[in-house]
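Biologist: I'd like to learn how to read a model like this one. Could you walk me through it, feature by feature?

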Protein chains: 2
Amino acid sequence: MTTCTALEPDLLEGFREAVGRENVIESPLEVFGYSYDASFLPLDTRTVPQVVVRPRTTAEISRVMVLAHRSRIPVTPRGAASGRTGGSVPLQGGIVLALDRMTSILELDTANMMVSAEPGVRTIDLHDHCARQGLFFPPDPGSWKVSTLGGNIAENAGGMRAVKYGVTRDYVMGLEVVLADGSVLETGGKAVKNVTGYDLTGLFVGSEGTLGIVSRALFRLRPLPKARGVLRVVFRTMDEACAAVQAMLLEGVTPSAAEIMDAACLEAVALARKTSLEAGAGACLILEIDGDGPEALDAQSRRIEAITGQAGRIGFRAAATREETEALWAERRGLSSAVAAMAPNRLGEDISVPRSAFPEVVRRINAISRATGLRIPVFGHAGDGNLHPSVLCDLADPDQAARAHEAVDGIFKAALELGGTLSGEHGIGVSKRPYFAGAVGPVSLEAHRAVKGALDPLWILNPGKIW
Amino acid sequence: MTTCTALEPDLLEGFREAVGRENVIESPLEVFGYSYDASFLPLDTRTVPQVVVRPRTTAEISRVMVLAHRSRIPVTPRGAASGRTGGSVPLQGGIVLALDRMTSILELDTANMMVSAEPGVRTIDLHDHCARQGLFFPPDPGSWKVSTLGGNIAENAGGMRAVKYGVTRDYVMGLEVVLADGSVLETGGKAVKNVTGYDLTGLFVGSEGTLGIVSRALFRLRPLPKARGVLRVVFRTMDEACAAVQAMLLEGVTPSAAEIMDAACLEAVALARKTSLEAGAGACLILEIDGDGPEALDAQSRRIEAITGQAGRIGFRAAATREETEALWAERRGLSSAVAAMAPNRLGEDISVPRSAFPEVVRRINAISRATGLRIPVFGHAGDGNLHPSVLCDLADPDQAARAHEAVDGIFKAALELGGTLSGEHGIGVSKRPYFAGAVGPVSLEAHRAVKGALDPLWILNPGKIW
């Protein structure tokens with residue numbers, strides 16, 4: 001890792017001219033605030049940027065990139081810094097390009113059911129803006145109250161509703177991207193069918209800021225579901241719960257969320273809420289269903305009751321009122337903090353496996369838990385095989401820290417052995433980088449490097465990420 | 001355009017060793033059969049390959065590519081050659097890599113609802129294979145009885161059901177691709193959520209054989225809809241028909257196909273079927289609906305009846321029996337040949353516009369028709385803005401030929417002006433190549449060239465395509 005020395009005064013003056021003096025941050029105290037994100041990476045003085053530049057327009061981003069490119073200075077784009085793998089950490093210092101001033105929703109095109117917006121718009125704001133017109137922007141990463149669209153695109157964010165509605169990539173119809181040399185690329189558009197050239201739109205989605213700076217995005221939308229309901233189904237084992245989800249999907253009864261939690265999670269919740277654990281409960285599904293109205297929900301609920309009955313459920317509850325709905329969701333929403341409260345530290349992971357391998361990967365994680373002597377509660381999105389094991393430990397204890405990292409290694413190994421991946425929705429960033437080459441193999445690594453070099457020949461964009 | 005001279009005897013022997021003597025075709029008469037496809041490109045002796053090589057396995061493809069790469073010989077992959085833009089035409093001669101022996105469906109994984117198959121499998125065969133297990137492979141290009149999966153992937157094939165179910169790219173979960181130098185790249189996998197590195201899978205889909213040879217593909221599937229129905233709705237104008245489709249989609253009543261035809265098409269059909277045109281009919285929708293059972297279809301049909309009533313329809317028919325269904329679909333299926341029968345030649349195009357621009361692009365095409373004095377019936381997929389205008393002419397008449405090409409130019413111009421694209425589902429290939437750079441602009445063209453050069457540094461794969 002190389003760190004930049006102080007930037008040339010001329011260059012700084014160039015940035016000030018490009019974005020306005022007040023939008024160039026240089027004071028050490030202030031730039032420190034742009035050196036970390038929501039991942040578990042330890043703070044590192046080498047990741048402090050030399051300067052933070054806050055452009056307001058595409059043209060301003062372009063001017064900044066022209067200057068950075070000419071001087072070969074690393075540029076790390078930054079949204080809300082709510083990422084979990086260090087994607088927005090300026091690993092080699094240089095420039096942090098903060099997109100927090102680009103917060104306009106540009107056009108809501110109801111006729112074509114599309115919306116275009118700037119990268120600094122918060123996910124929930126876009127959702128709410130569209131919902132007021134009866135339209136639905138489905139991607140709902142857990143951090144959607146703070147996360148911004150640019151970050152969602154960079155990490156191809158998922159969320160609970162991915163099981164029915166897919167992930168961010170499924171909604172991006174077109175992008176405006178400032179490339180490393182400052183040129184402005186437009187991809188895609190409002191034509192929903194388009195085979196004019198390569199899918200550059202899709203290539204930028206999930207590229208973690210290493211190929212270009214997204215300055216505007218066009219998303220497709222869906223009609224807002226008219227009604228939503230929540231079901232809570234309890235099983236003796238994770239196997240039964242997973243089998244029930246599989247059966248639902250095969251039957252074409254697709255819940256809009258299918259959140260699963262294991263016995264350790266149920267225990268954490270019971271502890272946090274000061275309730276007692278249900279007898280025999282080894283797994284629980286919180287299902288959201290949506291549809292055209294109460295009849296559609298009733299029909300789905302009845303079919304899910306029947307399917308989970310055949311799968312051996314021992315408890316079934318459908319929220320009948322808004323309060324009950326709220327109470328059921330509160331259990332899932334409070335889960336992360338309930339689990340975190342069980343130990344001084346929590347290493348939360350994000351692996352993804354073929355749906356059918358969900359029970360097996362949980363069994364292997366349980367074995368890793370026994371072998372390392374650390375508790376590893378598992379929750380996740382059962383409908384799409386994306387799970388979040390939490391390794392609970394005290395990192396201040398060197399022995400526990402070593403065992404925790406051993407557990408994380410084992411979890412990644414298990415995911416890959418079962419045909420899964422290192423990341424379902426958080427990206428590789430810095431924290432999973434050591435595992436990337438092994439996971440994708442040498443030919444893919446070379447292909448990644450070639451594509452990177454094609455679009456960013458000087459390798460100045462978000463260096464040190466992914467591999 | 002450069003044409004290769006005869007290949008070295010050593011190289012030919014290498015191909016024979018790689019794939020077996022009987023799978024290397026050299027006779028001029030036979031190789032001529034690999035020089036054209038289903039597009040309107042005139043035959044050209046320069047597009048005749050020197051040799052046709054028919055590998056059976058990934059390893060054999062790899063060996064062929066190593067030899068071709070070493071000798072810098074152009075390689076054009078070929079499936080069923082049913083493409084409409086010349087994608088599989090070996091523009092610079094060299095090697096045609098025919099994938100017609102790679103016809104195995106490898107694994108139908110019902111638990112994960114996925115299927116993997118080789119590139120030479122016909123689309124309809126994959127569909128039927130999955131349907132027998134209650135699973136649904138939705139992409140249905142018009143040519144699906146002959147088109148093969150490799151070609152579908154190369155051109156990101158769409159079809160009638162795209163309005164509800166999306167296009168080929170939406171179903172490709174992973175690929176095995178032999179790169180230009182013979183190395184074998186694996187992308188994606190069975191984990192439905194995956195942000196491990198760049199979306200190389202999506203990059204290869206729609207790349208028209210210019211980035212690699214797909215040797216195996218993994219597709220996701222859906223549950224097979226349990227019931228299907230067909231509706232025929234007649235309107236006075238295309239505007240009303242388009243407005244009706246918009247209203248359906250906004251209401252969340254998404255037909256599984258929404259085929260539209262204009263007055264000229266209706267006339268062609270009436271002529272071909274020796275029936276009379278309905279009084280006042282200026283546009284017609286053939287809608288397919290699908291769902292869980294008869295009740296679900298009835299509910300959709302009633303809602304569509306109401307919505308189209310508000311949009312001013314003058315005729316509504318729901319097929320009640322299998323025979324009626326068949327009769328309604330026959331009208332749409334026979335449309336292309338009914339239109340073709342109206343003139344010696346038909347230049348069938350494939351543009352795509354934002355859904356809301358459908359009526360306006362039809363108006364502009366009508367104006368082009370008047371200006372050129374050529375009939376241009378329009379049909380297409382109203383639900384996703386993808387339309388197929390047919391310029392009717394006699395190409396043997398130089399004046400008509402000139403006006404026909406003027407009409408095609410005008411159609412592309414209209415599509416681009418309205419925010420649309422040159423191709424919705426057929427690709428750019430050779431026939432739309434002259435329009436590509438203008439459509440995407442210089443920055444995108446440069447990005448395409450950079451990505452191409454990154455993955456195929458010697459530019460041997462399907463040279464002369466797209467741009």
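Predicted model: local features only at pLDDT ≥ 70, side-chain atom pairs only at ≥ 80, totals over all residues.

Biologist: What is the mean pLDDT of chain A?

Modeller: pLDDT is the predictor's confidence in each residue, from 0 to 100. For chain A the mean is 94, with 99% of residues at 70 or more. The scores for the model are ipTM 0.95 and pTM 0.96.

Biologist: Which rotation superposes chain B on chain A?

Modeller: In general, two copies of a chain are related by a rotation about an axis and a shift along it. Here the rotation is 180° with 0.0 Å of shift, at an RMSD of 0.0 Å. That is the relation of a two-fold axis.

Biologist: In what order do the four strands of the open sheet in chain B run?

Modeller: Helices (H or I, at least four residues) and strands (E, at least two) are DSSP runs numbered from the N terminus, and two strands pair if DSSP finds at least two bridges between them. The order is S1-S2-S4-S3, with mixed pairing. S1 (24–25) and S3 (75–78) of chain B are the edges, each with a single partner strand, so one side of each lacks a neighbour in the sheet. S2 (51–53) and S4 (95–98) of chain B are parallel over three bridges, and B:Val51 has B:Ile95 as its bridge partner in S4(B).

Biologist: Which strands does helix H1 of chain B touch?

Modeller: H1 (9–19) of chain B packs on the sheet against S1, S2 and S4, its direction making about 20° with that of S2(B). Helix H3 (58–71) of chain B touches S2, S3 and S4, at about 170° to S4(B). Contact means heavy atoms within 4.5 Å; axes are lines fitted to C-alpha atoms, for helices over the stretch in contact, and angles run from 0 to 180 degrees between N-to-C directions.

Biologist: Which residues touch the most other members of the largest nonpolar core?

Modeller: Such a core is a set of buried Ala, Val, Leu, Ile, Met, Phe, Trp, Tyr and Cys residues joined through side-chain atoms within 4.5 Å. Buried means under 20% relative accessible area, exposed over 50%, partly exposed in between (1.4 Å probe, protein chains only). Of its 166 residues, those are A:Phe219, A:Leu285, B:Phe219 and B:Leu285.

Biologist: Is B:Arg72 buried or exposed?

Modeller: Most residues other than glycine have a negative phi. B:Arg72 has a positive one, about 55°, in the loop between H3 and S3 of chain B. B:Arg72 is exposed, at 58% relative accessible area. B:Asn156 also has a positive phi, near 50°, but B:Asn156 is buried at 3%.

Key. Residues numbered from 1 in each chain as written. Chains lettered and ligands numbered in written order. Heavy atoms only, no water. Least-squares fit on C-alpha atoms with pLDDT ≥ 70 in both.
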